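Open your viewer and get ready to select a few residues with me. We will go stop by stop.

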Amino acid sequence: MKVLANDGLDQSGIDALTEKGFEVITAKVPQEFLMDYINEHKIRTLLVRSATQVRKDIIDNCPSLEIIGRGGVGMDNIDVDYAREKGIHVINTPSASSESVAELVFAHLFSGARFLQDSNRKMPLVGDSEFAALKKAYAAGIELKGKTIGIVGMGRIGQEVAKIALGLGMRVVAADSNVGRASIKVTFYNNQFINVDIETEPLQDVLKHSDFITLHVPAQKDGYMIGKNEFEMMKDGVAIVNCSRGGVIDETALIEALNSGKVKFAGLDVFINEPTPSKEILNHPKISMTPHTGASTLEAQDRIGLSLAEQISSILQIQ
């Protein structure tokens with residue numbers, strides 16, 4: 001029984017599947033050759049992350065496929081409904097990477113709040129000759145404690161963001177058309193905990209009242225969620241982070257808002273033109289950037305691998 005992990009798989013997942021008798025192939029097959037490879041090797045399970053596209057052509061022309069798995073949450077690179085109509089199981093790992101993405105949100109927030117994205121560029125270049133000038137330039141940092149964070153999308157990742165924010169002493173507001181109230185349990189190292197109920201609000205209210213905004217929504221089909229009009233609703237000096245999907249924010253409007261000072265800084269893990277973000281975005285001194293690595297921690301990859309292995313074994317009834 002062959003499993004093709006085309007975008008890679010953590011060793012824990014490989015070991016778990018191998019112990020069950022699966023042959024796990026981790027060779028990266030280019031998209032244009034994927035269909036032929038699946039048919040030639042009679043692949044029963046195809047595992048992907050965000051790079052590989054699994055569209056109707058593969059679903060229609062690869063009769064050996066029984067399972068399509070996505071290591072992560074969003075499945076916009078898979079024609080999910082169509083695959084299920086054809087009798088193919090489609091699985092993902094919705095909770096395995098939530099903590100990792102939430103921590104990256106705060107890595108971007110702390111970076112922007114203390115100018116790290118810019119100082120880490122300039123210190124190696126002129127830190128020995130312009131130390132005093134740089135110290136003065138970065139002296140107007142801000143703290144997160146006591147500020148209001150607006151979470152747009154209160155699914156698993158949004159709720160993990162809320163936990164960290166509450167632990168930091170932030171006020172949390174949230175918008176989600178599908179969630180009316182979220183009960184957040186913040187657990188501490190010694191097993192003590194607090195419970196906080198967060199009532200969601202209209203998006204416009206969250207945009208108006210937040211000092212920091214973080215987005216945790218699916219890919220948008222009908223235009224941008226955050227564009228020029230939405231930026232105008234926000235506080236002056238707001239900060240925004242997108243670790244969800246490229247295209248949620250209008251990047252042209254974001255650049256304008258950064259240049260005008262409306263937005264103090266931004267943190268981006270995802271981009272409209274992945275894997276080739278615009279030069280204007282990449283070179284902007286007020287943007288903290290990562291190359292779509294929200295779920296890329298050792299712990300998350302371990303959880304993802306084990307979760308996929310368990311689901312595959314269960315579906316194919318391997319004990």
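Which residues of helix H6 (residues 116-126) are buried? Select Gln117, Asp118 and Ser119: these are the buried residues of H6. Buried means under 20% relative accessible area, exposed over 50%, and partly exposed in between (1.4 Å probe, protein chains only). Helices (H or I, at least four residues) and strands (E, at least two) are DSSP runs, numbered from the N terminus.

A note before moving on: this is a predicted model, where local features need pLDDT of at least 70 and side-chain atom pairs count only at pLDDT 80 or more, while totals for chains, interfaces and linings use all residues. Residues are numbered from 1 along each chain as its sequence is written, and side-chain values use heavy atoms, with hydrogens and water left out.

Now show helix H5 (98-113) and strand E13 (287-289), which are included in what covers the buried residues of H6.

From E13, step across to strand E12 (residues 263-268). E12 and E13 run parallel and are joined by 3 bridges; pick Ala266 and you will find its bridge partner, Ile287, in E13. Two strands pair if DSSP finds at least two bridges between them. E12 is mostly covered, with 5 of its 6 residues buried.

Next, select strand E11 (residues 238-242), which pairs with E12 in the parallel sense over 5 bridges. Here Val238 stands opposite Val263 in E12.

Finally, go to Phe188, in the loop between strand E8 (181-187) and strand E9 (193-199). Phe188 counts as partly exposed because its relative accessibility is 39%.

Technical notes: Contact = heavy atoms within 4.5 Å.
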